[in-house]
Amino acid sequence: MSSSPALSARGGKLALLVVGLCWLAVLFDGLDMFIYGSVLPHLLETKTFGLTADQAGDLGSYATFGMLVGALTAGTIADRIGRKQLMIGCVTLFSLASGICAMSGSVAVFGLGRTLAGVGLGGLLPTAISMVSDYARGGRVAITIGMLMTAHHAGGILSAYVAKWLVEPVGWRAAFWVCVLPLLFVPVLLKFLPESLSFLVAKGRTEEARTLADRYETELPAATGKKTAADRWDALLGLFRGGEWIQTLLYWLASFGGLLLVYGVATWLPTLMRGEGYELGSALTFVVVFNLGGIVGMLVAGRAADRFGAPRISAVWFALTAVGVYLLSIHMATGVTMVVVFLTGVFLNSAQTMIYATVSIRSTPDNRATAVGWTSGMGRFGAVFGPWLGGQLLAAGNGDWGFTAFALAGVSSMVFIGIAALRSARQPQRSNDQEELVAAH
């Protein structure tokens with residue numbers, strides 16, 4: 001492969017373009033994911049559609065259930081149509097689904113829109129991670145993926161500003177119309193985003209893949225044999241052989257509590273802060289601060305785990321998250337609350353990512369992808385349960401228990417991941433396939 005200065009400079013610019021396009025797609029993913037939580041206080045206060053707190057919790061769960069479906073089917077669909085086409089399909093789907101929400105005249109139609117949006121949201125992130133992994137410059141895969149993940153939290157920040165600027169003067173529907181605008185980004189993806197190298201190689205389109213690899217000055221992925229259904233089934237059974245079933249269940253329970261906490265807080269933070277007596281503007285500012293913390297957390301967690309160990313960092317992070325979430329149930333001075341919200345954002349999202357890192361470290365190379373994938377899948381049931389739980393507590397008049405319930409979920413994850421780490425006797429070498437860890441989130 002040529003390494004001329006001209007080719008190197010051109011390859012760097014094109015690789016940056018791929019990462020940039022994926023970053024924008026994930027930004028829109030985050031905007032669509034967080035917009036519901038940002039407008040929810042207004043929906044409840046104005047009794048839009050006669051919406052009650054328990055119905056609001058159900059609607060939040062519809063999106064996360066859709067994400068579960070999207071995440072589980074993304075790999076199969078991408079193997080058939082390609083990662084580029086799937087990314088375009090996901091952006092199109094969640095944008096059009098937001099249009100359904102904007103035009104909806106009932107809870108049922110709104111719920112349909114959120115479910116369809118969730119399918120697109122769930123399929124986009126792991127696909128975008130696969131794309132940037134193919135085109136990341138040598139030795140920079142992990143940091144590139146970390147940068148990509150900041151886009152999701154940047155989308156959360158954007159959602160708060162969209163709600164703050166549009167909901168009161170224009171109405172909540174305007175916020176969802178903004179989430180339709182990523183449709184304008186689809187032609188850009190069609191024209192400028194190349195197909196995944198791994199997909200091209202897997203489909204036998206080797207010459208096309210080699211041309212792209214030369215153009216982007218990156219290595220051509222090695223062809224890998226496809227796993228059969230029997231191979232996948234055997235890898236899953238391997239998670240339960242001997243005493244491994246205890247470790248597996250501990251990881252699954254930790255992931256369940258972690259994603260319950262992540263998506264429960266993401267959905268209900270503005271509403272619960274309103275319940276604590278803060279104005280709507282302040283409550284939305286907390287969303288901005290929380291996601292700023294998430295960006296910082298994603299950038300520092302990996303370094304901390306490399307130094308002190310992923311299991312230890314995950315347990316400590318969940319403990320600190322539980323403390324932070326519980327403190328939010330206490331009405332403090334606004335400045336103090338801002339600090340607590342920021343630190344909670346730092347620890348919350350990266351604590352869950354460290355669960356996947358722990359599972360990867362403790363797994364053998366032949367079943368690592370299966371172990372991480374199933375830990376993520378079981379955790380996503382917690383993602384469905386979290387928004388529903390918040391709604392049930394508010395509907396029962398126990399909204400002040402919302403932060404306490406989410407804090408207890410953090411404590412449970414701390415306990416489960418801690419016990420799993422103490423029980424584990426195997427220490428396989430850490431994989432460099434960082435995309436497995438982050439994509440699971």
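At what angle do the axes of helix H12 and helix H14 cross, and within what distance do they come?

## Helix pair H12 and H14

The axes of helix H12 (residues 280–308) and helix H14 (residues 334–362) cross at roughly 45° and come within 6 Å. Axes here are lines fitted to C-alpha atoms, for helices over the stretch in contact, with angles from 0 to 180 degrees between N-to-C directions. Helices are DSSP runs (H or I, at least four residues) numbered from the N terminus. H12 and H14 are therefore oblique to each other; angles under 35 degrees count as roughly parallel, over 145 as roughly antiparallel, 65 to 115 as roughly perpendicular and the rest as oblique.

By class, the contact of H12 with H14 has 14 nonpolar, 11 polar and no charged residues. In this classification Ala, Val, Leu, Ile, Met, Phe, Trp, Tyr, Cys and Pro are nonpolar, Asp, Glu, Lys and Arg are charged, and the others, Gly among them, are polar.

## Basis of the model

The model is predicted: local features need pLDDT of at least 70 and side-chain atom pairs count only at pLDDT 80 or more, while totals for chains, interfaces and linings use all residues. Residues are numbered from 1 along each chain as its sequence is written, and side-chain values use heavy atoms, with hydrogens and water left out.

Beyond four places in sequence, the contacts of Phe 406 (heavy atoms within 4.5 Å) include Leu 260, Trp 268, Val 325 and Leu 389.

## Buried helix residues

His 152 lies in helix H5 (residues 141–166). His 152 has a relative accessible area of 11% and is buried; buried means under 20%, exposed over 50% and partly exposed in between (1.4 Å probe, protein chains only). Residues up to four places away aside, His 152 touches Val 26, Asp 29, Gly 30, Met 33 and Phe 34.

Pro 270, in helix H11 (residues 244–275), is buried at 1% relative accessibility. The C-alpha atoms of Pro 270 and Val 39 are separated by 8.5 Å, with the two residues 231 apart along the chain.

## Loop between H1 and H2

Lys 47 is in the loop between H1 and helix H2 (53–81), and its phi is near 50°. Lys 47 is exposed, at 59% relative accessible area. Phe 49, in the loop between H1 and H2, has a phi near 60° and is partly exposed at 29%.

How values were computed: Helix = DSSP H or I, 4+ residues; strand = E, 2+ residues; numbered from the N terminus.
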